[in-house]
Amino acid sequence: MHSLPSQAIRPLSFSSFSSSSSSSLYLRFISSTFPISPYFNPQSPVFAAISRRLRRSTIRSCSFITAKPSSDLRNTRSKDESDSKLQALRKLFSKPGIDIDAYVIPSQDAHQSEFIGECYMRRAYISGFTGSAGTAVVTKDQAALWTDGRYFLQAEKQLSSSWILMRAGNHGVPTPSEWLADTLAPGGVVGIDPFLFSADAAEDLKETISRKNHKLVYLYDYNLVDEIWKESRPKPPKGPIRVHDLKYAGLDVASKLASLRSELGEAGSSAIIISMLDEIAWLLNLRGSDVPNSPVMYAYLIVEMDGAKLFVDTSKVSSEVMDHLKSAGVELRPYDSIISEIENLAEKGANLWLDPVSVNAAIANAYRNACDKYFIRLGNKRKSKDKTSETSNSHVGPTGVYKSSPVSIAKAVKNHAELEGMRNSHLRDAAALAQFWSWLEEEILNGVKLTEVEVAEKLLEFRKKQDGFVDTSFDTISASGANGAIIHYKPEPSDCSVVDANKLFLLDSGAQYVDGTTDITRTVHFGEPTTYQKECFTRVLQGHIALDQAVFPQHTPGFVLDAFARSSLWKIGLDYRHGTGHGVGAALNVHEGPQSISFRFGNMTGLQDGMIVSNEPGYYEDHSFGIRIENLLVVRDAKTPNCFGGIGYLGFEKLTFVPIQTKMVDISLLSVAEVNWLNDYHSQVWEKVSPLLEGSARQWLWNNTRLIAKS
């Protein structure tokens, strides 16, 4: 388990978790990251802090795309509509009890989720930009939005001219905090909703703007965007919660809680607050339906040595779920009573474990204030600058334990039942995809005009026929031609392209099943690809093969492997600026931490047997085409003839079995070993998936798994 040093057990103080690095601050504002300077010392506290925070980065990709000026591409959104919302928001700035000069609106909900319920999409409402990553900052006379390279083109189209688009990660682009510090007049006041910022993010924002004598204030009473959203704001989700069957979970709740309590004892804490939705779902063997594509429910969980409390809307809880929780010693509490319970824990002297990367600032601040009151009451108030008291356990009273959540790693390392569920669900998913591709090829070759949305809807039809289907695992990226270069492109019925037989077609999709989660990308051409497109595709494939075949020491961080997937592209001066792989949950979130395979080398989480990652190198030619090849892999122990230093080695097992279009491959560029890999993969695809198919779909699979030979 990746954790902080022993001094993490100490009186409440966030200062040591804040980095002076503007890069680390930016990471909390944008739900993705960019390269960290190679001059950082891996042993330094700053680097360690970045490592802790980057471990949470589970974004599928981040590309820095060269784009036209925003003014050339905007206009799809009414400037009047945008202006009216901004004017209404700014009017609230001078309201009694608020008195701010700027307001920061992040993408996240109170649980730091990547995918959120519609009622929490505040940044999308105020700005019109609907990408999953971004931060809006509104001052009295300016409005700016930061997003990463996956969304530059989308933001250019969706933002009105009232907004400044900040292309985060590009040279010379300040972070939101830096921009605020430099833009506001001296003595400016920045307001935030503390429920929407992690404890780390809020502290970093405070530190950065304070250098220019600005002040950060927490606006607890209400969210300013909600005030102008009013009646049109969607209602909070009330989807039912279901029990995740033990045959898929592999471990009962009592056993998971016992293991967690053992961790608490070792860390010197008596309670832990868990706020990440997928961690709660995994720990309690529950699945929800509050967030599209993600089987989670809005809740908090407090686990103590002698009990546990789930803070949730009880209208979602059936009698079956109630009995399930009761048998594990879990009590129910109202969702909005979490702050009072945190204060109660401090009042009774509990040492509370908080993950400062995921627990929101409102909760962390409530605990800190309650701790202060406790010590004032006892006449034994701690002095936060006293280093001795920070590391000593001799004092009596509540103490914050600041460490990464132990549930994160436990969830990431899949057990036997979870892996079996993932294998089985991937085969059913492969059958649905074979049926889909067979249908689509025939339609396109017969001249049928199909939009990107219609294609995505048809794929959903095929998946719904599979046993155990629950939902898609993310919005399908169905992208023809130039749309494939928009990394997280989402086709809309009112504004999408017809799938063109003469252009590349990129399809990135996935599904949630009762026993597993899938995520797969294939890029195809229904006509004749150009020589250049074939070379790009082949080099992406070579990178995919290189990573798939990698063997590496146990606990190797994912960033060490990232270059394997890029090397072939690098040889001709090409690259892709997104991570090569993200973690994937078992019948849970399609993006899961802490593991990843990425150039973002701040994530020091070592890969372990049982973890699942994606393998998805790509190449994107702006305004022309996109290529990506994605399979999911399980990290497995590798049998090697030697074990240098007594350390074991790891490799990968494939989960995804869908043909890779050989028409797109320039065989002359492949080595004999790479040709053998492709042939062996297709042999496995046929062997595993053909028994699930019949008719035209089975014939399609046969046609697309034939051996190729190097001339």
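A residue is called buried when its relative accessible area is under 20%, exposed when it is over 50%, and partly exposed in between, with a 1.4 Å probe and protein chains only. The model described here is predicted, so that local features need pLDDT of at least 70 and side-chain atom pairs count only at pLDDT 80 or more, while totals for chains, interfaces and linings use all residues. Residues are numbered from 1 along each chain as its sequence is written, and side-chain values use heavy atoms, with hydrogens and water left out.

Helices (H or I, at least four residues) and strands (E, at least two) are DSSP runs numbered from the N terminus. In helix H19 (residues 452-464), the buried residues are Glu452, Val453, Val455, Ala456, Leu459, Phe462 and Arg463. These buried residues pack, with contact taken as heavy atoms within 4.5 Å, against helix H18 (416-445), strand S16 (469-472), S17, S18, strand S19 (511-513) and S21. The 13 residues of H19 reach 19 Å from the first C-alpha to the last, close to the 18 Å expected at 1.5 Å a residue, where the expected span is 1.5 Å times one less than the number of residues.

An open, antiparallel sheet is formed by 3 strands in the order S17-S18-S21, two strands being paired if DSSP finds at least two bridges between them. Because strand S17 (477-480) and strand S21 (520-525) stand at the edges with a single partner strand each, one side of each is left without a neighbour in the sheet. From one strand to the next the twist averages 10 degrees. Helix H19 packs on this sheet, and its direction makes about 140 degrees with that of S17, axes being lines fitted to C-alpha atoms, for helices over the stretch in contact, and angles running from 0 to 180 degrees between N-to-C directions. Strand S18 (residues 504-509) pairs with S21 in the antiparallel sense over 6 bridges, and Phe505 has Val524 of S21 as its bridge partner.

Elsewhere, strand S11 (residues 299-304) is mostly covered, with 6 of its 6 residues buried. In a regular strand the side chains alternate between the two faces of the sheet. In S11, Ala299, Leu301 and Val303 point one way, whereas Tyr300, Ile302 and Glu304 point the other way. Strand S9 (residues 271-274) pairs with S11 in the antiparallel sense over 4 bridges, and Ile274 is partnered by Leu301 of S11. The antiparallel pairing of S11 with strand S12 (residues 307-312) runs over 6 bridges, and a hairpin joins S11 to S12 through 2 residues.
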